[in-house]
Amino acid sequence: MAPTGKHVLITFGRSFLTLNLARLLAAGGHRVTTVDSIPVALTRASTAVHGFHLVPPPKFEPQKYCRELARIVVEDAVDIVIPIHEETDILSMMRGLFPPECELFLSDFELENRLHNKFDFQVMLADRGVPTLKFAELRGPEDIGQLDFTGPFAVKKCYSRGSQKVHKVYPGDPMDWLDHDPSNPWLAQEWLTGDRYCTYSVVREGRIFAHATYPVEYAIGGSSCLSFVSAHHQGIVDWVTDFLAGTDFTGQVGFDFIDHPDKGLYCIECNPRATSGIMMFRPHNRLDRAFFGENTEVIVPDDDVHTMIKVGMSIFGWRKDARQGRTMREYFRDLRGFDDVIGVPGDRKPGLLLPAAYLGIVRSCVKYRVGLAEGFMHDHEWDGHVI
């Protein structure tokens, strides 16, 4: 039976996040189209996806990318576009290309950019009286000499993702290795240990319609999560609710937190896009309603969710920094026991397509001269360059 709901276009068709969102939307009766800049995208093989389009890479051809999406929207009568990765920022700059009858599920560029930029986000928190870790912006060598941290601190690009290239630095360490890009400076931020959590929320005009909180367990390099277990942390829920209520934000958003037993809860950064928490929802949760603002109570994952990206677990999860103190025996136990987010009953073809899909990612790695983790999303990243 054909879907009777909305026609939804989802970007970044290679992503596990897109695959899971497509399944959730299709289960809610919606017609799903996906797009990507590589031809072999996992969603292309999914029974949840009605159509697929090959489009230009948004990072390298942003205007062509947006114009092609706008053309698809008009020709295919798309009702809503849901961006997944950092093409969100690019689309927000060129939303005027899209017909008014199609909704772009995102916010205006100024807000998207302020949340995305790690320094500007911390300033935003400080301006609103929200406690932050000590931080400073590094635009050039002269800023390094003015740092006054008394303990270790993290140094990372203001536009970066997945905790890539985060450096732990101590006061007095030479930092002459920093490269300085005027459009993408560095953030220095107090280093704090504690329990780490990530969130995922679906939001309309500052109101949360769906939310998930999950601890950092198995993770690439100890940062990019591979496994997902639903956590109840009222302090985080209250923080996210209060913060978003003070904005007019619409879209998907995630926050990274550290909860220190003595110092309390701190938000490290914001990701104004989809995050891995979307993979914790099941079809009966009806996450699709959140995107259209149809539910009256916040949709949350089931308490018994134990999912993982098994291909990622197989490649990265066994490493010591990914296991987070777990033994190899515990690793193999969890590898067998957790549900896979890719190969699910009734939709196995995306899992069978994985080898070919990863071959395409490897080609991108070679083309852009980056590693496997970076190459997966390199042509969908945005580093602050205004179109």
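Q: What makes β15 and strand β16 (residues 264-271) partners?
A: Two strands pair if DSSP finds at least two bridges between them, and β15 and β16 have seven, in the antiparallel sense. So they count as paired. Strands here are DSSP runs of E with at least two residues, helices are runs of H or I with at least four, and both are numbered from the N terminus. One detail of the pairing is that H260 stands opposite G264 in β16, and a hairpin of three residues joins β15 to β16.

Q: What kind of model is this?
A: This is a predicted model, where local features need pLDDT of at least 70, side-chain atom pairs count only at pLDDT 80 or more, and totals for chains, interfaces and linings use all residues. Residues are numbered from 1 along each chain as its sequence is written, and side-chain values use heavy atoms, with hydrogens and water left out.

Q: Which other strand pairs with β15, and over how many bridges?
A: That's strand β10 (residues 195-204), antiparallel to β15 over seven bridges. In β15, I258 is the bridge partner of R196.

Q: What makes strand β15 (residues 251-260) mostly covered?
A: Nine of its ten residues are buried. Buried means under 20% relative accessible area, exposed means over 50%, and partly exposed lies in between (1.4 Å probe, protein chains only). For the chain, 56% of the 387 residues count as buried.

Q: Why is W318 called partly exposed?
A: Its relative accessibility is 41%, so W318 gets that label. W318 is found in the loop between α9 (310-317) and α10 (320-323).

Q: Why do β14 (227-229) and β18 (339-340) count as edges?
A: The open, mixed sheet runs β14-β17-β18. Each edge strand has a single partner, so one side of each is left without a neighbour in the sheet.
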